[in-house]
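Me: I am new to reading protein models, and I would like to learn where the labels come from. Could you go through some of them with me?

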Amino acid sequence: MTTIAQQFAAKIHQLTWSDLPPEAVHWAKVGILDTVGVTLAGAPEDCVRILLETPGVGEAAGPCLVFGRAMNRVSALDAGLINGVSSHALDFDDVNNNIGGHPSVPLVPAVFAFGEMLGRSGAEAILAYVVGFEAETRLGRAVNFHHYEKGWHPTATLGIFGTVAASARLLNLSLDETATALAMAVSLASGVKANFGTMTKPLHVGHSVRNGMLAALLAGQGMTANLSAFEHEQGFFEVFNGAGTYDAERLFADWANPLDVVDPGPGLKQFPCCGSTHAGINAMLEMVRDDGLRAEDVATIRVLTNPRRLPHTNNPDPRSGLEAKFSMHYVVAQALNEGRVGLDHFEAAAYDEPEVRAIMARVEVGEHPEMGRDSGNDFGAEVFVATNDGGNLSARIDHAVGRGPANPLSRDELFAKFADCAGRVLPEDAVKTAFETLQQLDEVADINDVTRILA
């Protein structure tokens, strides 16, 4: 009998470059561009510094760039680990509801590392990204939302299979080797949501990327694994989810029809904080912009959202910049206080500013009666404001999962975010050159031509 890992491998090897519609190539380039930007921005963060100061990390010489760092190049596995942590350090990377997390960070660090190691073209990198995107999001359809609500961090626990898929294509693994790598990754998948708001959350991503790359390399060298590791009674579906909480057939149903990178696609973040807070931020910004709302006018604020958004964002007293990224109270207060939410709001002691704390004390967070678990409105929010003069205002945002194919960023908006991120570590001329090169990634002959710009 053909196992799920074998069927999964066959799907991963199904797509060719000629199969990709233009919109898939476009959105892959957008997702890769955005991820490169946030990875560069994350490079100076403490979690990356600590990782690099740890004995054994980054010491293996190789052909791969450590983004945003002036250091000798490292091995592909070290690059996957370090750049994976950088990519998620600011929680500014894209989101996708099918994976229930962040689709691009499990892919881009691996695609660049193996692309550099093997001299792969931009087109080969894009194809690997699309295949990896499809693999992780289709698996997400099979196990979510129970997997997400149980407490797993899907960016890592599902993203590792996207890493394996992308790596298998770049390494030219056989079907059998790919199936083995997938089965091996079942034992290497990890990451729990209890560590959200700490440096361990981005470590989940770096660890997962390295593990997925390692599984692909080991499978290519002849390492073995149980090809029934998904459906086994002590395998992935039963251990990570449990009986009655998954549907394995959904993994393969309508594969690539349409490609998930096109619909719903990568949802690019406008704000460098948890995606579960973004609808609340946008609702508050709408009232600031359209109604002229000011902090001194406000008596109370109620933010109502889908109950899936609350366990990790109902945090009225964040005690660090990282915790503030997961506080609906804080980000809504900053949106009201300054009319924006930016990178600087999660640096130093911005989370403890008296004027922001005063607003946070007036914020209440709860479940929206029309945005239940089965409503389909998983990322919506409505904000209600009572003003000091007895008035009432409200604004509602429905199911806004980043800015993707249904609501794309303009080229100027895309560049503004990229420049804001990449400009933290690159000079202005390199930022512009990198942006233009990544927008034409399908025409690049060798990924090393890109990373030379990023260095």
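Reply: Gladly! Let us begin with a definition: rings of Phe, Tyr and Trp (its six-membered ring) pair if their centres lie within 6.5 Å, and planes under 30 degrees apart count as stacked, over 60 as edge-to-face and the rest as tilted. The structure holds 17 aromatic pairs. This is a predicted model, where local features need pLDDT of at least 70 and side-chain atom pairs count only at pLDDT 80 or more, while totals for chains, interfaces and linings use all residues. Residues are numbered from 1 along each chain as its sequence is written, and side-chain values use heavy atoms, with hydrogens and water left out.

Me: Why is F237 called buried, and Y246 partly exposed?

Reply: Buried means under 20% relative accessible area, exposed over 50%, and partly exposed in between (1.4 Å probe, protein chains only). F237 has 1%, so F237 is buried. Y246 has 26%, so Y246 is partly exposed.

Me: Why is the pair of F415 and F435 called edge-to-face?

Reply: The centres are 5.0 Å apart, and the planes stand at 75 degrees. That angle is over 60, so the pair is edge-to-face. F415 is in helix α17 (residues 411-422) and F435 in helix α18 (residues 428-439); helices are DSSP runs (H or I, at least four residues), numbered from the N terminus.

Me: How do you know that K417 sits over the ring of F92?

Reply: The rule asks for NZ of Lys or CZ of Arg within 6 Å of the ring centre and within 35 degrees of the ring normal. The charged end of K417 is 4.1 Å from the centre of the F92 ring. R309 likewise lies over the face of F379, at 3.9 Å from the ring centre.

Me: What makes P264 partly exposed, and which residues does P264 contact beyond its neighbours within four places in sequence?

Reply: P264 has 37% relative accessibility, between the 20% and 50% limits, so P264 is partly exposed. Leaving those neighbours aside, P264 is in contact (heavy atoms within 4.5 Å) with N96, N98 and P405. N98 is 166 residues away along the chain, yet the C-alpha atoms of P264 and N98 are separated by 8.5 Å.

Notes: Helix = DSSP H or I, 4+ residues; strand = E, 2+ residues; numbered from the N terminus.
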